Amino acid sequence: MSELSDNKSIRVRFAPSPTGSLHIGGARTALFNWLFARSNKGEFFLRIEDTDKKRSSGEMVDEIIGGLRWLGLNFNGNIVYQSSRLDIYRKFAQELLDNNKAYQCYCEKPEAESVQPGDESSEPSICECYLLTSKEREEHLNQGIKPAIRFWVPEGSVCFDDLVYGSLEFENAEMENFVILRADGTPTYHLAVVVDDHDMAISHVIRGEDHLTNTAKQILLYYALDWHLPEFAHLPLILGPDKKRLSKRHGASSIEQYSKSGILPEALVNYIALLGWSPGEDKEIMSENELINLFSLERVSKKSAVFDSVKLEWVNSEYIKKHKTDELVKLVIPYLIDAELITEEEIPAKLGYLKTVVDIFKSRMKTMKDLSRLGKYFFKDPENYDGNALKKYWTQETKNYLEEFNKELAEMVDFSAENIETVLRDFCTKIGISAAKLIHPIRIVITGFAVSPGLFEMIEAIGKETVMQRIEKGIETI
């Protein structure tokens, strides 16, 4: 089946439940819907499925909306809140009841009490409330027992063409007569989503493959209400590196956490676009416009995608390298302040220094937080020195070499990277040692580590006085 129907306006939606944070799986679903809409000049809507008042929260709604906006997934029109549409769901539940396509259920705890798919019982329930006589139903009501409403699953099977998985068939005999309206008058997931998608004129329902069995049930509701079916596309699961379903144990559990950890929104969008979709030609780094132009449901895989935080950081590093230094400085400042490496008041005076530091360090950054974690030596003396580096590069003669070289630095007027390198190499030649015997120890006393950005550019940036003081401290303490 082709992705698009003739003369059909493309309207898709992302419909999270505000019972938890926006996570990678939800963000991927939102992104694929957004890309599909934008690539087909369609519309992308946001619906908040908040009928479960006990588990839903306004804080989670704000976090979800904030996460989508941070990712740049702007939506059309007003947000639809299911909690404001309860009378509409009740109306259609009553219509199904009146047309003998549903019946009243007086079971003590009918399944499907939850809003979320996947929370419902996997075992078909045994409900024989349809056998109750009018008198028995009346007795229940007199006892104060309010009925739920169950959909009466007909005989036969449900067949549909999925835009990812192809032709699918589900036997109705394997479905329970599922609840569509709880005894308290709130709808279950199945009824609410069908009514909403119909009222919003959703053309394509794009969601995770864990909804496949839900789709079969919902198609029965479309038929029972005599409504036109949208097209369906189910996305493969996202697994962790251990090939188990992605969860908190695999790292950050929310989009907000990725933002706080220093991942750029455009890098995260680029990476999660590759979770179950490929543009072909081994292309991995793509701008927003490229993603929109290349995206197609036909290239969505049936195979589960594997989330790899190392790959995400690589993608992020590629975006960092592409950023202008001035932009990166603004992005790293909050992390430097949080790490107490700089204060708000110092920023104006140190802006030039920050630009120099970021320009030197950005090729080594995987996240915006890395400078505050791994480049502390640009802002404060090292608190300790790498023991393995000392074993490898520190000898009995090292202190003497450093003392003599510090005298050379003291006499320098032109403290540029180029001149520092010339002076160091000339000094090593003069005393008959290889440059490496001085370069490595100097790096250790300045940074505390065995590796760093270019040594001479770093020495110039940190400054003559600070470098000499750190060399003296290293001579005294190591």
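Predicted model: local features only at pLDDT ≥ 70, side-chain atom pairs only at ≥ 80, totals over all residues.
1. As background, side chains of opposite charge can pair when their charged atoms come close.

2. Start with R13 and D197. Their closest N and O atoms sit 2.9 Å apart, which makes a salt bridge under the 4 Å cut-off. The pair links distant parts of the chain: R13 belongs to strand β1 (residues 11–14), D197 to helix α5 (residues 189–199), and 184 residues separate them. Is R13 buried or exposed? R13 is buried, at a relative accessible area of 5%. D197 counts as buried too, with 3% relative accessibility.

3. D196 forms a salt bridge with R47, and the closest N and O atoms are 3.4 Å apart. D196 lies in helix α5 and R47 in strand β2 (residues 43–48), so this pair ties together parts that are 149 residues apart in sequence.

4. A salt bridge with another setting is the one between D210 and R245, where the closest N and O atoms are 3.2 Å apart. D210 lies in the loop between β9 (204–208) and α6 (212–224), and R245 in the loop between β11 (238–239) and α7 (255–260), so the pair ties together parts that are 35 residues apart in sequence. D210 is partly exposed, with a relative accessible area of 38%. R245 is partly exposed as well, at 46%.

5. Through shared partners, salt bridges join R13, R47, E49, R85, D196, D197 and D199 into one network. If you are setting up charges, that is the list to have open.

6. Which order do its strands take? Three strands form an open sheet, ordered β1-β2-β3, and the pairing is parallel. The edges are β1 and β3 (80–81), each of which pairs on one side only. Between β1 and β2 the parallel pairing runs over four bridges. R13 turns up again here, standing opposite F45 in β2. In general, strands of a sheet pair through backbone hydrogen bonds, either parallel or antiparallel.

7. On helix packing, have a look at α1 and α8. Helix α1 (residues 24–39) packs with helix α8 (residues 265–273) at an angle of about 85 degrees, and their axes are 10 Å apart. That makes α1 roughly perpendicular to α8. Which residues meet across the two helices? From α1 they are I24, A27, R28, L31 and F32, and from α8 they are L268, V269, I272 and A273.

8. C127 counts as buried at 7% relative accessibility, while C159 is partly exposed, with a relative accessible area of 44%.

9. Two backbone angles deserve a check in your viewer. Most residues other than glycine have a negative phi, and most peptide bonds are trans. N100 has a positive phi, near 60 degrees, and is not a glycine. N100 is found in the loop between α3 (86–98) and β4 (102–105), and is exposed with a relative accessible area of 63%. K243 is the other case to look at, with a positive phi of about 70 degrees although K243 is not a glycine. K243 lies in the loop between β11 and α7, and is exposed at a relative accessible area of 55%.

10. N406 is in helix α15 (residues 398–411) and is buried, with a relative accessible area of 7%. What does N406 touch, leaving aside its neighbours within four places in sequence? N406 is in contact with M468, I471 and E472.

How values were computed:
Residues numbered from 1 in each chain as written. Heavy atoms only, no water. Buried < 20%, exposed > 50% of the residue type's maximum accessible area, 1.4 Å probe, protein only. Salt bridge = Lys/Arg side-chain N within 4 Å of Asp/Glu carboxyl O. Pairing = 2+ DSSP bridges. Axes fitted to C-alpha atoms, helices over the stretch in contact; angles between N-to-C directions. Parallel < 35°, antiparallel > 145°, perpendicular 65-115°, else oblique. Contact = heavy atoms within 4.5 Å.
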